[in-house]
Amino acid sequence: MENIIFYFSGTGNSLQVARDLARELGNSEIVSIAKVAGREVKISPKRIGLVFPVYMFGIPLIVRDFLKRLDVSHDVYIFAVATFAGAAGEALGQANNELKARGLKLSSGFLIKMPGNYIPLYEAISSERQAKLFKKESQKVRKIAKLIHSGVKKKPEKSFFIFNIIGSAIYKNMSPRIFGLDKGFWADDSCNYCGICQKVCPVGNVKVFGKKPIWLHKCEQCFACLQWCPKGAIQYQKKTLFKRRYRNPNVSIEDFFDTSEN
Ligand SMILES: Cc1cc2nc3c(=O)[nH]c(=O)nc-3n(C[C@H](O)[C@H](O)[C@H](O)COP(=O)(O)O)c2cc1C
Ligand code: SF4
Ligand code: SF4
């Protein structure tokens, strides 16, 4: 394969972008970062792609760890696409810094605005508003694929200056605590023990032993467990009660069953 695109996704936005990019670029394989987590990744394609969501104005911890283990030639073309909902901060700059620490760097980096999934703050937007964002997504993916094909080098996109400053401070403060933030999850009495939350967790952090789920404190905060629960039984503190869940309508729940080794 000419292109290998690594992705991480909780509710499907980044998976959609990874798939659309693979189709536009042609000759591409997509690989779940959760599948290769914790391993050295030594590969030699012509181009490497990274697609992931922005979390707390930065990159998900699992993506950060993946970048530390990437073992590729220094002249490979690496591009990244971060999906975000409002303000991406310096997420792509951060990914670039991780690569630079290994003597690599991003050849190009792009942001794509998608429906938000951070349900403690807001519920899913209407399907009409989602459709508008998906239309823009497909236009931007086509543009990105053309640029990548042309071999252009492009500075990673970022949001407004003020978001970058505040965002970096928030990320620095929050990232050491992310694994334990699952203490806020609980399942209400509508849980029927179906086990789907366990199956969709990309890092094996949810266990359902014939009882309601428990969380094991190695959480990535992707919100897949809560958003994909078919009964809407999972809550985060009291912040998600009565809020409409978000699941990208262009992917299916089965896409998430096979993403981790757990
Ligand atoms: C824990 C968490 C933190 C987030 N932080 C941000 C953020 O700082 N800025 C932003 O624009 N979107 C943020 N989002 C929204 C996601 O980046 C966005 O919805 C993304 O497209 C979700 O991708 P996915 O469906 O592939 O998981 C956050 C979402 C989560 C779950
Ligand atoms: S997915 Fe929902 S209903 Fe199924 S076990 Fe998990 S919390 Fe219970
Ligand atoms: S426990 Fe839930 S939020 Fe945490 S990593 Fe697993 S699916 Fe994502």
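Me: Why is glutamine 237 called partly exposed?
Reply: In this predicted model, glutamine 237 has a relative accessibility of 36%. Buried means under 20% relative accessible area and exposed over 50%, with partly exposed in between (1.4 Å probe, protein chains only). The value of 36% therefore makes glutamine 237 partly exposed.

Me: Where does glutamine 237 lie, and what is its phi?
Reply: Glutamine 237 lies in the segment after strand S11 (234–236); strands (E, at least two residues) and helices (H or I, at least four) are DSSP runs, numbered from the N terminus. Its phi is positive, about 45 degrees, although glutamine 237 is not a glycine. Most residues other than glycine have a negative phi.

Me: What makes asparagine 27 partly exposed?
Reply: Asparagine 27 has 43% relative accessibility, so it counts as partly exposed. This residue belongs to the loop between helix H1 (13–25) and strand S2 (28–32), and has a positive phi of about 45 degrees.

Me: Which residues surround ligand 2?
Reply: The shell, counted by heavy atoms within 4 Å, includes Cys191, Cys194, Cys197, Cys229 and Lys231. By class, this shell has nine nonpolar, two polar and one charged residues. Ala, Val, Leu, Ile, Met, Phe, Trp, Tyr, Cys and Pro count as nonpolar, Asp, Glu, Lys and Arg as charged, and the others, Gly among them, as polar.

Me: How many residues surround ligand 3?
Reply: There are 14, the closest being Cys201, Cys219, Cys222, Phe223 and Cys225. Eleven are nonpolar, two polar and one charged.

Me: What conventions apply to numbering and to the predicted model?
Reply: Residues are numbered from 1 along each chain as its sequence is written, while chains are lettered from A and ligands numbered from 1 in the order in which they are written. Local features need pLDDT of at least 70, side-chain atom pairs count only at pLDDT 80 or more, totals for chains, interfaces and linings use all residues, and side-chain values use heavy atoms, leaving out hydrogens and water.
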